[in-house]
Structures are given as C-alpha cells and as structure tokens.
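Please view the structure below before reading on.

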Amino acid sequence: MKNIVLVGGHDETFTHCAGLGFDFSVLQRSALIGENLRTLTDDIHPIPDFEPDTVAAALERVTQSKRVDYIFSFTESGLLPAALAGHRFAIPGISLAACELCIDKRLMREFLADSEFAVESAICRTQAEVEVFFDQHRRGIVLKDPTGSGSDAVFLIRDERELTTALPQLGGKDFVTLAEEYLTGREVSVETLTIDGQHRILAVTNKKLHRNTLAEEQHIISPDVVGAEQFHQISGYCERLLTRIRHQHGPCHIELKIADDKLRLIEINNRVGGDYIGLLVELTTGISQVRETLRWHSDATTFTDSEERARYMYAASHQFYEPTEPEVLRKAMRGVDIVRLHVDPAKLSPGRPRTNKDKVGWIVIASNQREAFHSAIDYLDRYCS
C-alpha cells in the first residue's frame, strides 16, 4: 500500500480520501484536528503552524518511520510548505515551480508578461510609487499583498478619495504591494482538474462581491451562468494558461473578468476554490477534485466510494457578513435543498470595508428546479447582502 502525507486541510476534506487504497499520514494544526481526520487515520502529527521549516521537520520525522510515496495539500496555507518539503526530500505530489508561480502574484505577472494573460502591474515600495501607478491607470487600480490570499490587504482604488484612504493602511516605509490595473467586466471563477497533464474544465461559477468590497459573497454554478459558446472560449483560455504554467496534476481555481467577449486573468491558484466552491462542483458534476487528484496515484483496482452525493443542475454558496437568523433562512429556502447552513454570532463592525475573514456564516443550496433556485438566490440577494 502506498503512503501519502497530507498537509492540513478543512476537516471535510478528509471525507474524500477514504477507500482509495492509501495509508495516510497527516500533518495538522492541533486546533484543526477533527472527527473526519480521526476517522481517516490514526497517524496524525500535530504541528503548531504551516511554516515551511515546521512542515519539513515533521515530514522528516514521518520518513524516519515509514516510506512516503507522495505529499499533497489541499489548503492554501499548506500548499507551498508541502511543495517545498516534497522538493527537499524528493517526494512527488505538488510541482514546486507551478506552486511558486501561483502563490507569488508578482512572479506570475512577470512570467505571463507579453502573453494573452498579461495584466499591467508594478511592485510599489513607497506611497509615491502607488500614486504614480494610479496616475497611469485612472480607470482604477488594485493593490494586493504579492503573496497574500483572499480579500485581506486588498484595496480597490477608483478615485482620489479611495487612494487617500488606502495609502495609510499599506504600512510604513518598508511595505511591498503589487499594483495592478483594475479589470472591468463581469467576474467569474473557473474550477479545473488536471490529471497527469490532461486539463479538464469542470465548472464556471458566477461570483458576486459583498456590497462595495472585495469580500466574496456568492458563487453560483448553473447551466445558464455562461452559454455553450462562452464556456468553450473560457475552457480554451484556461487550458492554454494551465499548459503555459506547466501545471501537471491537481485542481486549480482561476479568476477571470469577462468584458466585450474578451477574457482577462485576475489570478490563478493551484487549489480547490474556497467558500465551498469545491462542494458546488461536486454537487453539479459528481467530481471530487480532492478524490480524483489522489485516485490517479492509487494501485487499487476497486474503490470504496464515500457517501454518494445527489447530482443537481443548480448549486450556490452564500456568505453572511451580517447577523442572520437560521430559522428564517430555512423557511425562505423551502423550494431548494439546504446542503450546508452555519451561522456564528455576529462580529463587531470592523469600521472598514469587509474582507473574507469578516464572514459570520454561510449557506449552500442546490436544486434541479430553475425557478425555485433563482427565487432562493433573489431572497439571499435582497435580504442577506
């Protein structure tokens, strides 16, 4: 039996790993060790963080007691440390070169310069350099941490007022920010799966942001998100992108803007999409990106599938940033299936634009009835935005 080391992951991730014919060792932060992980394996190695040195040291301890055939991570914070550790110990699983490109937005922009995926950008280390870049792109700019994730430390600047508000938040003299031209148009996410160099475009999700922020509020997968011709255009574009960065194996989450039938690249991440996007893909396609990534490496001839999930035409996730009453939601969502519903106590208002970290809950819904599904989406848009 082959041995796989997994680095981190949401506890639900581990439900996709059973029955594949592997022996699993898992490096996980102590606070994140849950029942699904304990069900999968008893070879759990608690670690305090996912820093590269921490992961490498823990992996070395594992290799002293057993052979390790592969190393994977399906969580954003674990991807690069897992790739670095795998490279150090010559354990296959995650391409370090492709992972570094996806993690470091500056490297990605430089690598894709002078291609169909290029976007005007610059590294800024002073407020004056940010102001100069804005003067050159008066339609708007986006400032982001070159190695950051989510909407945290991301600023959308479209006028002088927003520029004045953002500059003091960038830090003192030693800040480093990536400035990019603001891409207008409709934003979508594309979920892909590559197996041994063969790319497959699984789904296009319609993406909605929370009010006037960059916090993600809603993702929708349905047959009418994009037409067949546009899906074909998006598929070709993303397949060329995946080939260009030499992505060989595993999921990718690609963010695009569509304007005047032209596609522009926001960014690409070598992971399953966040905010339950992976679940939406599974609900509407029957494909688990985690499970299929691992399955290809198995020598097993038969597989024990995890609990079968219903197949739906429509699925959506919606994040809550304001207090929400779960029972009211359940009554309003009677025409659709509620797959997940979780709401925490309301957080104090941050006194700034929302980020992904400010969400207090989420709901995942699915249906095969278009009218009921869109009625539920309309309700969420009207009362939960």
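## Pocket, cavity and overall form

The second largest pocket holds about 620 Å³ of space. On a 1 Å grid over the protein atoms alone, a pocket is an open set of points with protein on both sides within 12 Å along at least five of seven lines, whereas a cavity is a set of points where a 1.4 Å probe fits but cannot get out; lining residues have an atom within 4 Å of a point. Grid points are joined across faces, edges and corners, and a volume is the space filled by probe spheres set on the points.

The model is predicted: local features need pLDDT of at least 70 and side-chain atom pairs pLDDT 80 or more, while totals for chains, interfaces and linings use all residues. Residues are numbered from 1 along each chain as its sequence is written, and side-chain values use heavy atoms, without hydrogens and water.

Around the second largest pocket stand 26 lining residues, and Val154, Phe155, Leu156, Gln169 and Pro353 lie nearest its centre. Strand E7 (155-157) and helix H7 (160-166) are the elements that give two or more residues to this lining; H7 gives the most, with four residues. Helices (H or I, at least four residues) and strands (E, at least two) are DSSP runs, numbered from the N terminus.

The count of cavities of 30 Å³ or more comes to one. The largest cavity has a volume of about 50 Å³, and its lining consists of Leu101, Cys102, Lys105, Met108, Arg109, Glu180, Ile266, Glu267 and Ile268. Helix H4 (96-103), helix H5 (105-111) and strand E13 (262-269) each give two or more residues to that lining.

The table divides both linings by class; Ala, Val, Leu, Ile, Met, Phe, Trp, Tyr, Cys and Pro count as nonpolar, Asp, Glu, Lys and Arg as charged, and the others, Gly among them, as polar.

| Lining | Residues by class |
|---|---|
| Second largest pocket | 11 nonpolar, seven polar, eight charged residues |
| Largest cavity | five nonpolar, no polar, four charged residues |

Proline 345 is located in the loop between strand E15 (337-343) and strand E16 (361-367). Because its relative accessibility is 69%, proline 345 counts as exposed (over 50%; buried means under 20%, partly exposed in between, with a 1.4 Å probe and protein chains only). Its C-alpha atom is separated by 8.9 Å from that of threonine 324, 21 residues apart along the chain.

The protein has 12 helices and 16 strands. Its C-alpha trace spans about 60 × 50 × 45 Å along the principal axes. Of its 385 residues, 52% count as buried.
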